[in-house]
Amino acid sequence: MSHAFYVTASYIAAFAITFGLIGWVFIDHRGRHRELERLEAAGIRRRSARAEEAR
Amino acid sequence: MSEPSLAIRKFSDLANPTRFLGLVATVWPWLAGLTLCLFAVGLYLSFTTTGDYQQGETVRIMYVHVPAAWLSMMCYTVMALSALGTLVWRHPLADVSAKAAAPIGAGFTLVALITGSLWGKPMWGTWWVWDARLTSVFVLFLMYLGLIALNRAMDDPTRAAKVSAVLILVGFVNIPIIKFSVEWWNTLHQPASVVRMDGPTIDSEFLWPLLVMAIAFSMLFFTLHILAMRNEILRRRIAVLRRHAARSAGGAA
Amino acid sequence: MIAMLLRDLKLSVRAGGGALIGVLFFMTVVAVIPFGVGPDLNLLARIGPAILWIGALLASLLGLDRLFQAEREDGSLDLILMQETPLVLTVFVKCVAHWIATGLPLVIASPLLGLFMNMDEVAIGATTLTLLAGTPAITFIGAAGAGIAVALPRGGLLVSILVLPLAIPVLIFGVSAVYAAIQEPAPFLPPFLILVALNLFFAVIGPVAAAAALRLSSD
């Protein structure tokens with residue numbers, strides 16, 4: 001096998017894992033954000049948020 | 001989060017992560033942009049420089065492999081500092097930081113292992129050598145996985161953070177010993193045939209792309225780290241809110 | 001402290017669990033190896049010390065999760081935490097008791113198993129000696145893992161996963177000391193002394209970390 005194969009393979013692997021990490025971070029964030037919104041829609045707020053509203 | 005008894009405790013429990021979230025929101029696009037620019041420059045440099053006369057094209061693997069290996073160690077250092085922060089200063093963000101760093105560190109270590117193995121096949125003729133350096137990186141990978149498993153096994157995040165902080169510090173003390181002992185072990189068993197990647201002394205042609213890529217990888221780490229920390233903070237908030245909701249619902253019924 | 005040592009020893013003997021099962025596990029692991037590599041006596045003699053060491057390592061990890069678990073279940077862990085005597089010292093004594101109950105039988109059983117592996121006298125003696133010096137280190141560093149695992153619902157497996165990477169130096173120096181004793185040119189003392197040093201080092205780190213973990217997981 002040529003050397004180019006190993007070079008491309010290692011770059012692909014590095015990109016795949018890096019994008020996996022980036023994807024994990026973003027998907028996680030979207031999920032958490034949505035959950036927080038759903039909770040907020042249900043009327044469950046953080047104490048500090050409520051205090052700000054009262055002010 | 002435990003019941004904050006003091007006003008100061010309350011402040012640091014609630015306000016500090018909130019301020020951190022605000023900071024993240026303003027900082028992360030810039031960091032991400034910087035990372036992208038650095039990666040563009042670094043990748044351009046690493047593909048335009050001529051190949052090494054000994055190693056040929058495969059020298060390009062170095063530009064991902066070395067920064068990833070470097071980061072795998074830096075990430076553990078960041079975790080050890082965070083563990084100190086958890087145990088000594090009880091900083092509420094420190095345990096979040098340690099927990100968020102573990103998967104990222106494991107990822108970079110995996111990149112270093114895979115690219116190293118892909119580099120080793122054409123250079124040494126084998127995918128894996130029980131070389132001192134390779135072995136210690138592999139042990140580091142195992143420790144990352146153990147830490148992730150420990151964090152997942154516990155429900156209470158603050159307790160998990162404290163306990164894993166102890167483990168992180170024990171591991172941090174142990175890593176030099178492991179590295180030393182692995183070197184001893186390797187030289188004892190196969191002194192002459194150890195395949196070393198000394199190669200030619202790096203000249204500036206390879207140094208520049210390597211340096212840029214290393215900085216790019218570090219920036220990538222910091223970007224991912226603060227974003228993962230934000231996710232972790234949000235996750236804990238959700239858990240707290242859920243508990244509150246359950247409690248108030250239980251109280252009303 | 002002495003009373004506690006005796007109490008722990010009595011408990012582990014009476015429960016019949018720890019000590020006996022550890023040795024049995026050790027014997028089973030070592031006995032299974034020849035089936036895997038074939039009955040080549042020369043090969044067995046060559047890898048024998050390594051097999052004995054790995055078997056001892058796994059066997060001493062086996063009982064580790066029980067180190068603090070029983071105390072936690074019957075509530076005496078809280079009493080230990082509240083005692084006047086420093087927790088580090090208590091943990092240290094518990095480790096010593098645990099080693100006498102589970103580690104020492106392994107050391108005693110190892111010459112017998114060495115015969116099974118067709119090892120010569122020097123190799124058997126060296127293996128027993130290094131095991132005597134090395135297994136306490138495994139127990140001490142394992143105590144840190146056990147302290148962490150107390151908080152977990154099912155800590156047993158996790159302890160092994162967490163402790164094994166940390167125990168690698170002990171394994172390396174133990175085995176290399178044995179091989180140094182068998183093969184002439186390599187000196188026996190340096191690896192053996194490093195093994196002893198590791199033992200002392202872990203005797204400090206292990207109980208401190210275990211005490212910290214116990215305190216943190218109890219509140």
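Which residues of helix 1 of chain A are buried? In this predicted model, they are A:Tyr6, A:Val7, A:Ser10, A:Ala14, A:Ile17, A:Leu21 and A:Val25. An α-helix has 3.6 residues a turn, so residues three or four places apart point the same way.

Helix 1 of chain A covers residues 3-41. With 39 residues at 1.5 Å a residue, helix 1 should span 57 Å. The C-alpha atoms at its ends are 56 Å apart, which agrees. After helix 1 of chain A comes A:Gly43, with a positive phi near 90°.

UniProt, in an unreviewed entry, lists residues 6-27 of chain A as "transmembrane region". This span is 100% helix and 0% strand. Its end C-alpha atoms lie 31 Å apart.

Chain C carries the "transmembrane region" annotation too, again from an unreviewed UniProt entry. The annotation covers residues 12-37, 43-64, 85-109, 129-150, 157-182 and 188-214. In chain C, residues 85-109 are 92% helix and 0% strand, with end C-alpha atoms 35 Å apart. Residues 157-182 of chain C are 96% helix and 0% strand. The end C-alpha atoms of residues 157-182 lie 35 Å apart.

The largest nonpolar core has 144 residues. Helix 3 of chain B (residues 92-124) gives the largest share of this core, 16 residues. The residues with the most contacts inside the core are B:Val166, C:Ala167 and C:Ala213. What does C:Ala167 touch, leaving aside its neighbours within four places in sequence? C:Ala167 is in contact with C:Leu57, C:Ile138 and C:Ile141.

Conventions: Residues are numbered from 1 along each chain as its sequence is written. Chains are lettered from A and ligands numbered from 1 in the order in which they are written. This is a predicted model: local features need pLDDT of at least 70, side-chain atom pairs count only at pLDDT 80 or more; totals for chains, interfaces and linings use all residues. Helices (H or I, at least four residues) and strands (E, at least two) are DSSP runs, numbered from the N terminus. The expected span of a helix is 1.5 Å times one less than its number of residues. A residue is buried if 20 or more other C-beta atoms lie within 10 Å of its own, exposed if 12 or fewer, and partly exposed in between; C-beta atoms are placed from the backbone. UniProt positions are given in the numbering used here, feature names are shortened, and annotations may be inferred rather than shown by experiment. A nonpolar core is a set of buried Ala, Val, Leu, Ile, Met, Phe, Trp, Tyr and Cys residues joined through C-beta atoms within 7 Å. Two residues are in contact if their C-beta atoms, placed from the backbone, lie within 7 Å.
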